[in-house]
Every structure is written in structure tokens, then in C-alpha cells.
Amino acid sequence: MTTYTHVEGLPHDEHDHGGHEHHGPPEPHYSSRIAPSVLGMFLFIGSEIMLFGAFFTAYFFIRVVNGVPWPTPPYHLPVYVAFINTCILVTSSFTMHWALQSVKRGNPWGLRAGLLLTFLMGLTFLITQAREYSRVGFAPKDGAFATIFYCLTGLHGAHVFIGLSILLFMTIRAFRGHFSPEHHHGVEIGGIYWHFVDVMWIVVFTTVYVL
Amino acid sequence: MRNPLRSEAEAFRFLLVVIVGAVIVVVCAYANEWLGVAAAVVVIAGIAWWLSHAPR
């Protein structure tokens with residue numbers, strides 16, 4: 001189906017019933033019954049599931065099929081610090097939720113405080129994670145266990161870094177007064193991403209550190 | 001069907017469900033290894049069921 005505009009020299013659309021001139025760019029052509037935003041979201045989820053799934057497959061293969069002790073002696077995982085870090089990250093999701101509820105209720109200072117707290121807690125999580133890397137006592141080259149540990153936590157850390165970058169822009173925009181109860185789509189999208197990062201950490205923490 | 005990425009509120013609700021599910025799996029796994037595996041299967045199935053049912 002062609003969707004050209006009613007312009008001299010270009011073919012007319014078969015649905016272009018006479019009399020109505022269309023100005024501007026041509027109408028987008030949808031080849032699917034799924035809305036583009038929904039399709040994009042499904043593709044994003046699919047790509048993330050495949051990405052994390054590849055690393056989790058390697059993790060389960062090493063641990064269950066190969067029967068490698070977890071963590072391989074004489075190494076120990078910093079479970080207590082990771083638990084505190086988990087609490088910090090989960091709390092940051094609550095402040096993120098509070099920030100969005102605040103902007104919906106027309107409370108700009110609640111939004112600003114919520115976003116700032118979320119950013120600071122996310123930064124604390126990332127710094128603590130980096131600090132633990134330097135103290136954990138093994139490197140990615142020290143066997144399959146160490147490699148998959150760094151791959152899974154590092155992949156999640158990369159997602160946290162992206163989330164922090166988004167949060168930084170959101171916070172700056174919030175302090176500049178760019179969001180209102182009617183227009184806060186930027187906070188909504190960033191919030192969804194932040195919760196997604198949190199969900200992934202719950203899975204990583206549970207499988208890698210606790211079980 | 002629920003879409004956990006439809007809105008921030010839905011994503012937050014999904015996070016809470018995942019936390020509860022993870023706690024159940026960890027507690028069961030500490031009691032017995034195979035009970036933990038069974039709990040993980042039940043929790044994943046439960047979350048899938050929860051996602052497939054839209055709120056009224």
C-alpha cells in the first residue's frame with residue numbers, strides 16, 4: 001500500500017479519496033497489527049531476556065552440569081555487602097515510585113527529592129559494587145566461576161550505569177521544572193527502566209550470591 | 001495480559017512480586033535443595049499466570 005501525499009508528480013494513495021489534500025510527511029505504514037510502541041517494548045524485552053539468558057545459561061551449566069562448587073574454594077562472595085547493596089537498590093525503586101507519584105500530584109519538590117535520592121542510591125550501589133570487585137580476591141581469568149560472576153554482575157552494573165545516566169538527565173530536567181502533572185513521560189520511562197534494572201538485580205543476587 | 005513495562009506503577013508492582021517470589025525460593029532452598037527447585041518452578045509459573053491475567 002503506497003501512502004504518498006497528494007503532491008504533483010507522485011502517485012496517489014488508493015485510499016486517498018478526492019478532495020482532502022495531505023500536507024507534511026507521508027503517513028507511516030504499519031505492516032503489523034501490533035502498535036509500534038508495544039512492538040518496540042517486546043523487542044527490547046526479548047533482547048534483554050536473550051542477553052541475560054545467555055549468561056544465566058552459562059552460569060547454570062557451570063554450576064549444575066559441571067558441578068563446580070559455588071563459590072570455588074578458597075574464594076568467598078561478599079554476601080553481606082551484596083545484601084546491603086540489594087537493600088539500597090530496592091529502596092531506590094521506592095524513591096523512584098515516590099518521585100513519580102509526587103509529580104502526578106503536582107508536588108515538584110517531592111519529584112526532585114525522589115529523583116535525587118534515587119540517583120544517589122544508585123550511585124552508592126555502583127560504587128560499592130566496584131569497591132567489592134577490588135576486594136573480592138579473584139579476577140575474571142581465575143576460572144569459569146570467576147568469569148561468570150564478573151559477567152553477570154558486570155552486565156547488570158552496565159545497566160545500572162545506563163540507568164544512572166538517564167536518572168541524571170531526569171533529575172536535571174526536574175530541577176529546571178520540565179515536568180508537570182500533565183507532562184511527565186520522561187520520568188515514567190526512566191522509572192520503568194529503573195525498576196527493570198532492579199528486577200534483574202533481584203534475580204542475579206538470588207542466584208549468584210544467595211543460592 | 002499485564003504488561004509490566006506499560007507504566008511505572010505496573011513495573012513497580014512487578015518488582016514487588018519478583019521480590020516476594022525470590023524470598024519464597026530462597027527460604028524453600030535453605031530448607032531443602034529440591035524444595036527450592038520446586039518453589040522456583042511454582043513461583044515462575046505463578047508470575048507467568050499473574051502476568052497473563054489483566055487487572056479487572
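Which residue just after α2(A) takes a positive phi? To find the answer in this predicted model, select the stretch that follows α2 of chain A: A:G106 has a positive phi of about 75°.

**Stop 1: helix α2 of chain A**

Next, select residues 79-104 of chain A, which form helix α2. This helix has 26 residues, and the distance from its first C-alpha to its last is 38 Å, close to the 38 Å expected at 1.5 Å a residue. Colour its buried positions, which include A:A82, A:N85, A:T86, A:L89, A:S92 and A:S93. Further along the helix, A:M96, A:H97, A:A99, A:L100, A:S102 and A:V103 are also buried. To view what covers these residues, display α3 (108-135) and α5 (185-210) of chain A as well as α1 (8-31) of chain B, which are among the covering elements.

**Stop 2: A:A99 and the nonpolar core**

Centre the view on A:A99. Leaving aside residues up to four places away in sequence, A:A99 touches A:G110, A:L111, A:G114, A:L115, A:T118 and A:V187. The largest nonpolar core has 42 residues, and within it A:A99 and A:L115 touch the most other members. At least two residues of this core come from each of α2, α3, α4 (143-175) and α5 of chain A, and likewise from each of α1 and α2 (33-52) of chain B. The largest share, 12 residues, is supplied by α5(A).

**Stop 3: α5(A) against α1(B)**

Now show α5(A) and α1(B) together. Their axes come within 8 Å and cross at roughly 10°; the two helices are therefore roughly parallel to each other. On the α5(A) side of the contact, select A:E188, A:G191, A:I192, A:H195, A:F196, A:D198, A:V199, A:I202, A:T206 and A:V210. On the α1(B) side, select B:E8, B:A11, B:F12, B:F14, B:L15, B:V18, B:I19, B:A22, B:V25 and B:V26. The residues of this contact comprise 14 nonpolar, three polar and three charged.

**Stop 4: chain B as a whole**

Of the 56 residues in chain B, 21% are buried. How many residues of chain B are in contact with chain A? There are 13, and they meet 17 residues of chain A. The side of chain B that touches chain A consists of 11 nonpolar residues, one polar residue and one charged residue.

How values were computed:
Residues numbered from 1 in each chain as written. Chains lettered and ligands numbered in written order. Predicted model: local features only at pLDDT ≥ 70, side-chain atom pairs only at ≥ 80, totals over all residues. Contact = placed C-beta atoms within 7 Å. Nonpolar A, V, L, I, M, F, W, Y, C, P; charged D, E, K, R; others polar. Helix = DSSP H or I, 4+ residues; strand = E, 2+ residues; numbered from the N terminus. Expected span 1.5 Å × (residues − 1). Buried ≥ 20, exposed ≤ 12 C-beta atoms within 10 Å, placed from the backbone. Core = buried A, V, L, I, M, F, W, Y, C linked by C-beta atoms within 7 Å. Axes fitted to C-alpha atoms, helices over the stretch in contact; angles between N-to-C directions. Parallel < 35°, antiparallel > 145°, perpendicular 65-115°, else oblique.
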